[in-house]
There are 2 protein chains.
Amino acid sequence: MNISPALEDYLESIFIINAKKSSVRVKDMAKFAGVKPPSVIEALNHLQDKGLVEHEPYGYIELTSEGHKLAESIYEKHNILKKFFNEILGIDEKTAGEDACRIEHYLSKETLDRIVNFIRFIETAPSAEQKPNWLNNFHYFMKHNKRPPCCPKPEKGK
Amino acid sequence: MNISPALEDYLESIFIINAKKSSVRVKDMAKFAGVKPPSVIEALNHLQDKGLVEHEPYGYIELTSEGHKLAESIYEKHNILKKFFNEILGIDEKTAGEDACRIEHYLSKETLDRIVNFIRFIETAPSAEQKPNWLNNFHYFMKHNKRPPCCPKPEKGK
DNA sequence: TAGTATATTTAGGCATACCTAATATTAGAA
DNA sequence: TTCTAATATTAGGTATGCCTAAATATACTA
């Protein structure tokens, strides 16, 4: 299923709104996307043509099972990227979310997989309680614009 | 100066083609962008309106000094991202370049700065000849789907 | 139940970014 | 120099994604 970035965003928004409201309306989607209702209607027509959404005129908006699956995968992608930006690169949460939202449509599966693995690599690190040391060092480096004073090479000098 | 992603790509392409050909023609840009010549003409008209490009009909295409500055900054962004994908995440060069090209227009300055610093952090690592150890470990992790056998925490056990 | 406010939809318009087909220009070969 | 092939441009068309204004439907209130 091949849909444009804009349609991906609309689809994702249905998924997200659904998660807390149980009923999704044109108004909600328009607000979420920062767009006027006619734009939503147009998008919904396209999504319906592609069998991703069900929407009777003046009624509620629902994802088909295919639409749900796709929306969920888009949302996951979004979250992975946000996590990467926020937790690893140390970007503030708001910016991390915005950036994730903008680039989530453009990354290859390969690159996304690597990022997933990078996060996994860090999270499963055996050495540290929370974060591996080098990541702490990176965050120190970002903050103070220099490396932390100690440990250039642990095996050698004290 | 605010231009669309597509125009950014066209501008960047002039910069890149210029670097090896000294003269840039519509044909070259069309080939580079994978697009037909009329699309290039249209883009050039917009870029000219914005004072970024000079182009006499049927003549060569040149960047103004402002255009050059902007193109260069776009190109740098592209390279940073490519480097990040390729050297750090370990994506193959082709995919790294493609992904960089697609997302270079959408990342915030903040995030890009972080990535720059992340690369710098790694390149200036005092501990290793080439790559810090954890990065080698990550690449091992990607390749074999498990951590390298040794050294969970260097200071402790041998 | 009638009227009104809100929500939705339709109609029509604009900008971007692409295309094909037709036309114009340039440059090189005969 | 003339003709032709290559290149560039213009004209006009399509799709996407947004908009405003007008029309329609729904739901709530009196």
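Guide: Two residues are in contact if their C-beta atoms, placed from the backbone, lie within 7 Å. The model is predicted.

Visitor: How many residues does the contact take from chain A and from chain B?
Guide: By that cut-off, 30 residues come from chain A and 30 residues from chain B.

Visitor: Which helices of chain A each supply at least two residues of the side that touches chain B?
Guide: They are helix 5 (93-103), helix 6 (109-123) and helix 7 (133-144) of chain A. Helix 6 of chain A gives the largest share of that side, seven residues. Sorted by class, the side of chain A that touches chain B holds 17 nonpolar, six polar and seven charged residues.

Visitor: What makes you say that the copies meet through the same surface?
Guide: Of the interface residues of chain A, 100% are also interface residues in chain B, so the surface is the same for both copies.

Visitor: Why is the relation of the chains called that of a two-fold axis?
Guide: Two copies of a chain are related by a rotation about an axis and a shift along it. Here chain A is superposed on chain B by a rotation of 180 degrees with 0.0 Å of shift along the axis, at an RMSD of 0.1 Å. That is therefore the relation of a two-fold axis. In chain A, I103(A) has the C-alpha nearest the axis, 2.9 Å from it.

Visitor: What is the mean pLDDT of chain A?
Guide: The mean is 90, and 92% of the residues of chain A reach 70 or more. Over residues 153-158 of chain A, pLDDT stays under 50, and the model has five contacts beyond four places in sequence for them.

Conventions
Residues are numbered from 1 along each chain as its sequence is written. Chains are lettered from A and ligands numbered from 1 in the order in which they are written. This is a predicted model: local features need pLDDT of at least 70, side-chain atom pairs count only at pLDDT 80 or more; totals for chains, interfaces and linings use all residues. Copies are superposed by least squares on the C-alpha atoms of residues with pLDDT of at least 70 in both. Helices (H or I, at least four residues) and strands (E, at least two) are DSSP runs, numbered from the N terminus. Ala, Val, Leu, Ile, Met, Phe, Trp, Tyr, Cys and Pro count as nonpolar, Asp, Glu, Lys and Arg as charged, and the others, Gly among them, as polar. pLDDT is the predictor's confidence in each residue, from 0 to 100.
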